[in-house]
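The sequence and structure are shown below.

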Amino acid sequence: MSFIQEFPKLSNPYSSDLWLQWFYQTQLLPQLDKKNLAEDFYLMGEEIVTLLEPQAEMAEKYPPVHIPYSAWGERIDLIETHSAWDLMKHYACQWGLIRDGYHRPYGEYSRLIQMIKLYLYHPSSALFSCPLAMTDGCARVIELSQNPYLLKEVMPHFITNDPLEFWTSGQWMTEKTGGSDVSNTETIARPHQESWYQLFGMKWFTSATTSEVALALARIEGAPPGNKGLSLFFIPVQTPEGKLNHIRIERLKNKFGTRALPTAELTLEGTPALLLGEPGSGIKSIAPLLNITRIYNTVCSLGYMARALHWMDLYSSVRKAFGKPISEHPLHQKTFLNLHALKWGLNQITFDTLLMWGRSEIHRRTEDLVQLRFLTPLLKLYTGKKVVEVATEVMEGFGGQGYIEDTPIPRLVANSHVMPIWEGTTNVLSLDLHRALTKEEGFQLWLERLKQNPPKSPLLQDIASWIEKSFSHLCPDQLKDFAFLFMDWLVLNNLYNKEQYFLEFQGTFTFPYQSFSPQKFYQWVTGFWKEQLTISFLRLKGHY
């Protein structure tokens with residue numbers, strides 16, 4: 001009988017994630033009920049493997065379909081989604097993926113626990129994590145606005161534990177005139193009654209089009225051009241009868257990836273919308289949503305990295321080449337151990353930031369808010385770029401089979417490519433980072449913390465000194481390279497500060513390629529990030 005290659009079966013994403021086990025053991029604080037949390041995460045992981053992942057494959061295989069007319073010629077603009085897509089929503093509600101962020105059952109650690117669930121859920125969600133991100137952002141906008149109507153009529157649907165009552169939200173900003181640059185928004189808002197308006201215009205890229213509600217930017221008639229003339233509006237997408245609320249769907253987007261996710265071009269034809277915040281404060285009012293969607297983008301990028309490396313770890317143990325498993329070949333070992341080191345450092349700084357995020361929503365410390373302002377775009381831009389690198393390297397590691405659509409690898413690669421694009425491209429976020437550092441005291445705070453806690457290595461000290469002297473003289477075309485240098489510095493400095501957690505780990509760091517003692521693995525991870533930092537420094541100085 002001819003040879004048939006065994007394809008590995010997906011393992012529980014919680015119990016098989018070595019980084020998560022290490023973080024859980026060494027850094028989740030004692031006041032949390034760690035035993036019950038571990039049981040919850042494990043059971044969630046089992047359901048992801050047995051229930052969610054097969055349904056995610058079905059949702060991707062049968063993408064949404066736009067039906068503009070009924071059999072009798074009535075304009076209905078129905079978007080049909082597969083039942084598997086609906087199950088993604090069901091499990092998101094069941095696992096509290098929005099609720100935990102607002103009921104805050106773990107106090108300032110609630111955002112962290114919520115994001116661990118997202119990290120596990122996202123790779124098997126067929127990108128239902130996208131409407132979840134916008135729903136979480138919309139919920140935060142409502143919470144901050146304290147709008148009585150929305151708090152009573154809408155917020156309970158976001159944070160319910162009943163899947164039949166659970167709503168999601170869309171985010172309608174992009175128009176033909178621009179995505180990240182919304183200053184030329186053409187949608188007009190005409191006063192209707194009290195705080196309600198009617199919107200007229202076209203939204204060019206609306207993800208999660210089947211959501212029950214949405215937030216949108218529009219320009220009130222007579223408002224000035226540019227960002228200062230934009231206002232934020234809340235839109236009930238459907239009428240009480242279940243029909244679209246003066247909205248026409250032009251078409252669904254034919255996308256490279258994220259095919260299960262309904263994304264449409266919409267025309268607003270007098271769509272009822274409630275003004276949120278003051279007229280002309282649209283950019284400021286929607287900022288909390290953008291911060292949250294960028295955090296989701298970061299966590300989802302890390303989730304994809306975890307899944308890609310998990311597939312590679314499993315496959316490299318059973319696939320043989322030149323007489324032995326490919327996991328035993330030195331070049332393969334170095335390639336994928338380096339990718340694990342990359343993800344290890346990014347996971348650590350991200351989850352530290354998630355702790356800060358949860359703390360900031362309760363205590364509102366100025367230092368936390370300033371750090372979040374520059375860490376949020378920085379984490380998003382960096383992880384968005386790196387997840388594409390990781391997924392592509394895994395595709396190559398699978399060889400020809402990694403390029404075959406019957407395996408999960410091409411879907412993962414295609415979907416990961418959206419991560420550097422959504423919620424601000426790398427160049428746009430590099431500019432945003434620069435603004436946060438210069439205009440919102442982020443750089444000054446970094447310098448102050450540098451003096452309070454000097455770096456533990458000569459390399460970090462030397463590069464910090466260079467940054468301090470050179471930051472104000474950077475040219476515009478250097479800002480992206482600076483962003484990568486700054487991130488590499490922050491990650492390595494953070495790892496040096498976490499040395500005790502590596503050494504406290506009870507066990508070995510075991511991969512299919514090699515097992516490490518805690519001290520040896522710490523040296524491997526920090527060695528990788530030293531190299532990353534050195535390369536970024538040389539590139540910024542024009543020597544690489």
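## Asparagine 36 and the basis of the model

Asparagine 36 has a relative accessible area of 37% and is therefore partly exposed (buried means under 20%, exposed over 50%, and partly exposed in between, with a 1.4 Å probe and protein chains only). This residue belongs to helix H2; helices (H or I, at least four residues) and strands (E, at least two) are DSSP runs numbered from the N terminus. Between the C-alpha atoms of asparagine 36 and tyrosine 197, which stand 161 residues apart along the chain, the separation is 48 Å.

The model is predicted: local features need pLDDT of at least 70 and side-chain atom pairs count only at pLDDT 80 or more, while totals for chains, interfaces and linings use all residues. Residues are numbered from 1 along each chain as its sequence is written, and side-chain values use heavy atoms, with hydrogens and water left out.

## Nonpolar cores

A nonpolar core is a set of buried Ala, Val, Leu, Ile, Met, Phe, Trp, Tyr and Cys residues joined through side-chain atoms within 4.5 Å. The largest one comprises 156 residues, of which Tyr121, Phe158, Trp446 and Trp529 touch the most other members. Helix H9 (residues 282–318) contributes the most to this core, namely 16 residues. Another core lies apart from it and has 20 residues, including Tyr197, Val237, Leu252 and Leu275.

Beyond its neighbours within four places in sequence, phenylalanine 158 is in contact (heavy atoms within 4.5 Å) with residues including Ile98, Cys138, Phe166, Trp167 and Val213.

## The largest pocket

On a 1 Å grid over the protein atoms alone, a pocket is an open set of points with protein on both sides within 12 Å along at least five of seven lines, whereas a cavity is a set of points where a 1.4 Å probe fits but cannot get out; lining residues have an atom within 4 Å of a point. Grid points are joined across faces, edges and corners, and a volume is the space filled by probe spheres set on the points.

The largest pocket has a volume of about 1,300 Å³. Its lining numbers 46 residues, with Ser180, Leu290, Arg294, Glu423 and Gly424 the closest to its centre. H9 supplies the largest share of this lining, nine residues. By class, the lining divides into 21 nonpolar, 17 polar and eight charged residues (Ala, Val, Leu, Ile, Met, Phe, Trp, Tyr, Cys and Pro count as nonpolar, Asp, Glu, Lys and Arg as charged, and the others, Gly among them, as polar).

Three cavities of 30 Å³ or more are present. The largest cavity, at about 90 Å³, is lined by residues including Glu53, Glu60, Tyr304, Arg307 and Arg411. Helix H2 (34–61), H9 and helix H12 (409–416) each provide at least two residues of that lining, which contains six nonpolar, one polar and four charged residues.

The second largest cavity holds about 50 Å³ of space. Arg294, Thr298, Thr350 and Leu379 are among its lining residues, and H9, helix H10 (330–363) and helix H11 (366–397) each give at least two. This lining has three nonpolar, four polar and one charged residue.

Tyrosine 69 is placed opposite arginine 75 in E2. Five residues separate E1 and E2 in this hairpin, and glycine 73 in the turn has a positive phi of about 90°.

Notes. Two strands pair if DSSP finds at least two bridges between them.
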